[in-house]
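Dear colleague,

I am passing on the structure below, and I would be glad if you looked through it before reading my notes, which follow it.

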Amino acid sequence: MHRPIAIAVLLLAVTLGSMACDNGPPLERTTTRERGTIIGEFHTENPENIQFPVKVLFAIDCSLSMLSSDPLNPPDEPYGRRIAAVRRFLERYNTDDYPSVSFGILLWAGSVIDQTRNGYGEPGYTRSVEELNRVLDNVRNESYTDYVGAVTDIRQIVENDIMNTSYQESGANDLPRSKYIVCFFSDGMPNTDAGSQLPQDIWNQVEELTQITEDRGVGQFNFHSFFLSSLFRDASGDYIPGYE
């Protein structure tokens with residue numbers, strides 16, 4: 001007989017309790033702070049052992065048109081002025097004062113005429129005076145001016161070097177500090193046996209190469225083109241200054 005009354009009293013208590021919660025003051029947020037201490041050591045690399053590799057590649061046009069743009073037998077420069085300029089650069093920078101700099105040379109026309117080899121026997125970079133001179137002494141002019149093919153060959157050299165560096169124990173640290181420089185010498189008239197090459201096709205090849213170096217984490221990549229030609233004259237027939 002008393003059980004229904006007890007249930008009613010319990011429901012009333014629950015209802016009053018709910019009303020009391022709704023009418024109460026809002027809860028305040030609290031913040032708990034704790035302080036911790038970490039003790040350890042951070043060892044930096046020895047500055048004397050840190051290397052900043054610089055890879056300089058000379059891609060030299062040796063097509064038939066270069067016989068007019070840069071003849072092979074000027075006084076004191078029997079291989080042409082562009083070759084003499086590369087030799088002077090090597091004489092200055094391929095020394096013990098610049099141990100982190102290595103060099104590549106690509107002689108190209110309608111195809112590869114010759115190129116330097118690295119320590120693995122692959123097309124690549126070297127500091128060997130004998131290997132650099134071997135390629136420079138093999139200059140000859142032949143066939144076409146295949147820009148697309150030349151940039152493709154440059155890409156192979158750069159990609160192979162990045163891959164070889166990645167396999168080395170210090171490769172993960174060397175690539176972000178590495179700088180690749182391409183010096184592209186030509187008379188600016190790209191063509192193959194199939195005809196002229198479109199500027200956009202050439203540009204796309206250079207952009208792809210640039211993107212590869214960025215994707216692989218190379219510190220810096222620069223592609224410099226040097227226009228070498230004596231074939232451009234003004235209306236009077238005189239050479240345009242800067243193109244002699």
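**The largest pocket**

Strand 2 (101–108) and helix 5 (147–167) each supply at least two residues of the lining of the largest pocket, and helix 5, with three residues, gives the most to that lining. Please keep in mind throughout that this is a predicted model. The largest pocket has a volume of about 290 Å³, and of the 18 residues that line it, those closest to its centre are Lys 55, Ser 102, Asp 161, Thr 165 and Gln 168. By type, the lining of this pocket divides into nine polar, five nonpolar and four charged residues.

**Helix 3**

Helix 3 covers residues 81–93, and because each of its 13 residues is counted at 1.5 Å, it should span 18 Å, which agrees with the 18 Å between its end C-alpha atoms. Within helix 3, Arg 82, Ile 83, Ala 84, Val 86 and Leu 90 are buried, and the buried residues of this helix pack against strand 1 (54–61), helix 2 (66–69), strand 2, helix 4 (129–136) and strand 4 (179–186).

**Strand 4 and its partners**

How many of the eight residues of strand 4 are buried? Seven of them are, so strand 4 is largely enclosed by the rest of the structure. Strand 4 pairs with strand 1 in the parallel sense over seven bridges, and in this pairing Leu 57 has Val 182 of strand 4 as its bridge partner. Strand 4 also runs parallel to strand 7 (residues 220–227), to which eight bridges join it, and here Tyr 180 stands opposite Phe 221 in strand 7.

With best wishes

How values were computed
Residues numbered from 1 in each chain as written. Predicted model: local features only at pLDDT ≥ 70, side-chain atom pairs only at ≥ 80, totals over all residues. Heavy atoms only, no water. 1 Å grid on protein atoms, 1.4 Å probe; cavity = no way out; pocket = protein on both sides within 12 Å on 5 of 7 lines; lining within 4 Å. Points joined across faces, edges and corners; volume = space filled by probe spheres on them. Helix = DSSP H or I, 4+ residues; strand = E, 2+ residues; numbered from the N terminus. Nonpolar A, V, L, I, M, F, W, Y, C, P; charged D, E, K, R; others polar. Expected span 1.5 Å × (residues − 1). Buried < 20%, exposed > 50% of the residue type's maximum accessible area, 1.4 Å probe, protein only. Contact = heavy atoms within 4.5 Å. Pairing = 2+ DSSP bridges.
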